[in-house]
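Have the sequence and the model open as you read.

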Amino acid sequence: MPFVSTADGTQIYYRDWGQGRPVLLSHGWPLNSDSWEAQQLHLAEHGYRAIAHDRRGHGRSTQTWGGNEMNTYADDLATLIEALDLRDVTLVGFSTGGGEVARYIGRHGTARVAQAVLVSAVPPLMLRTDDNPGGLPVEVFDAIRAGSLADRSQLYRDLADGPFFGLNRAGASVSQGVRDAFWRQGLQSGHRNAYDSIAAFSATDFRPDLDAFDIPTLVIHGDDDQVVPFEVGGQASAARIRDAALVVYPGAPHGITDTHKQQLCDDLLTFLDKHKENR
């Protein structure tokens with residue numbers, strides 16, 4: 001299996017499909033690159049080099065004790081980009097992966113980046129603070145931490161069977177297979193890695209990172225997202241990023257990579273092809 005090694009010896013797994021201009025996909029918590037397989041296949045079949053990696057501590061990458069925070073995630077992403085010598089790349093981040101993309105741009109700039117896409121993403125800042133009164137109270141994240149320590153297998157079941165895919169809404173339908181895939185990927189993550197990552201995705205302030213975006217950016221978010229509420233995430237990010245385009249999926253939950261699989265594939269491809277047209 002292909003890996004790159006970071007400065008601290010962490011092995012980051014990645015898969016590299018197709019040929020063409022590169023697209024790098026960053027996954028959400030507590031998942032891994034398998035969660036992108038539909039979009040990765042679609043893009044690779046339509047003339048793009050689609051790359052997805054497992055964040056440290058997740059999937060097939062090393063379960064490190066430390067480094068489970070956004071600065072290190074972003075630096076790991078930079079290592080992958082440089083090792084593969086990716087240029088003119090489009091960075092796509094789902095949920096926590098959107099934070100990873102934002103922090104990469106904030107720390108490493110856009111010299112190698114052509115476009116960015118934030119999908120159901122955690123920026124600008126999920127946690128309620130004095131200067132972010134619209135955020136979620138810390139008790140929400142404390143409950144996730146408590147669930148992780150008490151029985152994280154059941155926590156992942158509850159997320160998949162409820163708010164992640166919107167199955168607590170009337171009329172919602174997501175297959176047992178999709179829900180099982182979420183649970184399986186969650187348990188592939190390291191216990192400490194996934195636990196520490198709760199703070200990383202909830203309490204990291206990405207506002208300065210979003211201010212550094214100087215490339216075409218697409219923000220996609222469902223307006224019934226119960227994990228990263230639309231007003232906290234996509235709406236606020238699109239308002240902060242200069243000239244960002246916002247696409248809202250009416251009634252959509254958090255996990256639109258599965259619930260709105262084809263729509264998301266189509267929207268990504270349309271955005272990618274715009275760069276080709278503008279070159």
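## Before we start

Buried here means under 20% relative accessible area, while exposed means over 50%. Keep in mind that this is a predicted model.

## A strand with both faces covered

Start with strand β7, residues 217-222. By that cut-off, 6 of its 6 residues are buried, so the strand is largely enclosed by the rest of the structure.

## Who sits beside β7

Strand β6 (residues 113-119) runs parallel to β7, joined by 4 bridges. Here Val-119 stands opposite Ile-220. Strand β8 (residues 245-249) also pairs with β7 in the parallel sense, over 5 bridges, and Ile-220 turns up again, opposite Val-247. To get from β7 to β8, the chain passes through helix α8 (residues 234-240), making a right-handed β-α-β crossover.

## Two helices crossing

Now over to helix α2 (residues 70-83) and helix α3 (residues 96-108), which pack at about 75° with their axes 8 Å apart. The two are therefore roughly perpendicular to each other.

Which residues of α2 and α3 meet? From α2 come Met-70, Asn-71, Tyr-73, Ala-74, Asp-75, Leu-77, Ala-78 and Ile-81; α3 brings Thr-96, Gly-99, Glu-100, Arg-103, Tyr-104, Arg-107 and His-108. Sorted by class, that contact has 7 nonpolar, 4 polar and 4 charged residues.

Key. Residues are numbered from 1 along each chain as its sequence is written. This is a predicted model: local features need pLDDT of at least 70, side-chain atom pairs count only at pLDDT 80 or more; totals for chains, interfaces and linings use all residues. Side-chain values use heavy atoms; hydrogens and water are left out. Axes are lines fitted to C-alpha atoms, for helices over the stretch in contact, and angles run from 0 to 180 degrees between N-to-C directions. Angles under 35 degrees count as roughly parallel, over 145 as roughly antiparallel, 65 to 115 as roughly perpendicular and the rest as oblique. Contact means heavy atoms within 4.5 Å. Ala, Val, Leu, Ile, Met, Phe, Trp, Tyr, Cys and Pro count as nonpolar, Asp, Glu, Lys and Arg as charged, and the others, Gly among them, as polar. Buried means under 20% relative accessible area, exposed over 50%, partly exposed in between (1.4 Å probe, protein chains only). Two strands pair if DSSP finds at least two bridges between them. A crossover is right-handed if, with the strands pointing away from the viewer, the path from the first strand over the helix to the second runs clockwise.
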